[in-house]
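Me: Please take a close look at one part of this model, the surroundings of the ligand. I would like one connected account of what is found there.

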Amino acid sequence: MRHDHLITSKQLSRADIETVLDHAAEIDADRSAVADKYSDRLLGLLFFEPSTRTKLSFETAMKRLGGDVIDMGSVDSSSVTKGESLADTIRVIEGYADALVLRHPKQGAATMASEFVDVPLVNAGDGAGHHPTQTMLDLYTIRENAGLDDLTIGIMGDLKYGRTVHSLAYALTKFDAQQHFISPDSLALPREVVYDLHQEGASIREHDGLEEVLPSLDVLYVTRIQRERFPDENEYQKVAGEYQIGPDSLSSASDDLTIMHPLPRVDEIAPEVDDTEYAAYFEQAHNGVPVRMALLDLLLGDSDD
Ligand code: NCD
């Protein structure tokens, strides 16, 4: 995979995705081959929005590759509070680092930022847009638990603002998955995403309840309602608490069902589900490290794989 920037999963072919997943599996089995590979390299972390897993797993990944990170820190402690533009911030930090990871509340911010820099830039979430590295670890987890061939997946929750959903849905079109989208009407997939998925020939269906599809699912991907993206708190309150799952709501699920969630969860999955054979969300979060190591190796490395 040779891409200067990773902005959306739309830019990746099935072969690109498989290259990353295969390399992540190699690293997961034995980290020693890459342990000191990037001892002279720095990864710049620019997170203009809160993050726990994404930021820490990028940091862990870079350090496990022998490299180090520089971190802009919180927006409050940076020059952004003095009115500096994203374009200026990014051009300055580009001079310090060999690659950049950007998370920003504005959809399209990563595309815009990538036009100003020559080092590889990775989109770690742009508003309600995309989150392609989350998709890579999601696909890795799906492949390990259910396989990516003949997959039937339910994607449930906030499909409107959930960027992990958008990125995953696009990537799954490369694998001929059957995708069932489950949400209240007000949080349905954006129409432009539905249009794009149809253009890609995807098999998709939209539902307002889980019951009718649950028995057919190999994977159920649950998401948080993205409260911070609602223009009106009242609108959030109308849907808050809907689409929760607990042991009782899973009685018609297949024994082999895999339940995933990009985390953080609020109340979408009851804690009692954590100890069941279905739960794969903590494993999914752990997969962020080998998958991001693989991605960084492919972006920073000299190989032409
Ligand atoms: C997701 C995100 O930031 O989009 N979190 C993550 O990266 N694992 C999901 C979310 O915040 O709900």
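Reply: The shell around the ligand

Three nonpolar, five polar and four charged residues form the shell around the ligand. The model is predicted, with pLDDT of at least 70 required for local features and 80 or more for side-chain atom pairs, while totals for chains, interfaces and linings use all residues. Numbering starts from 1 along each chain as its sequence is written, and side-chain values use heavy atoms, without hydrogens and water.

The shell (residues with a heavy atom within 4 Å of the ligand) consists of Arg-53, Thr-54, Arg-103, His-131, Gln-134, Arg-163, Thr-164, Arg-224, Gln-226, Pro-262, Leu-263 and Pro-264. Pro counts as nonpolar and Arg as charged in this grouping. Helix H2 (53-64) and helix H6 (163-172), both DSSP runs of at least four residues, each give the shell at least two residues. Domain 1 (9-130 + 288-300) and domain 2 (133-285) both contribute to the shell, so the ligand lies between them; the bounds come from an automatic or database domain assignment.

Next come the polar contacts (N or O atom pairs within 3.5 Å). A polar side-chain atom of His-131 is 2.8 Å from a ligand oxygen atom. Arg-163 also has a polar side-chain atom 2.8 Å from an oxygen atom of the ligand. Leu-263 takes part through its backbone: an N or O atom there lies 3.0 Å from a nitrogen atom of the ligand. Taken alone, the ligand exposes 310 Å² (Shrake-Rupley method, 1.4 Å probe), and the protein buries 93% of that.

Leu-263 is also joined to Pro-264 by a cis peptide bond, with omega about 5°. Pro-264 belongs to the loop between strand S9 (258-260) and helix H9 (281-286), where a strand is a DSSP run of at least two residues.

Note on methods
A polar contact is a pair of N or O atoms within 3.5 Å; within protein, one must be able to donate a hydrogen and the other to accept it, and residues adjacent in sequence count only if both atoms are side-chain atoms.
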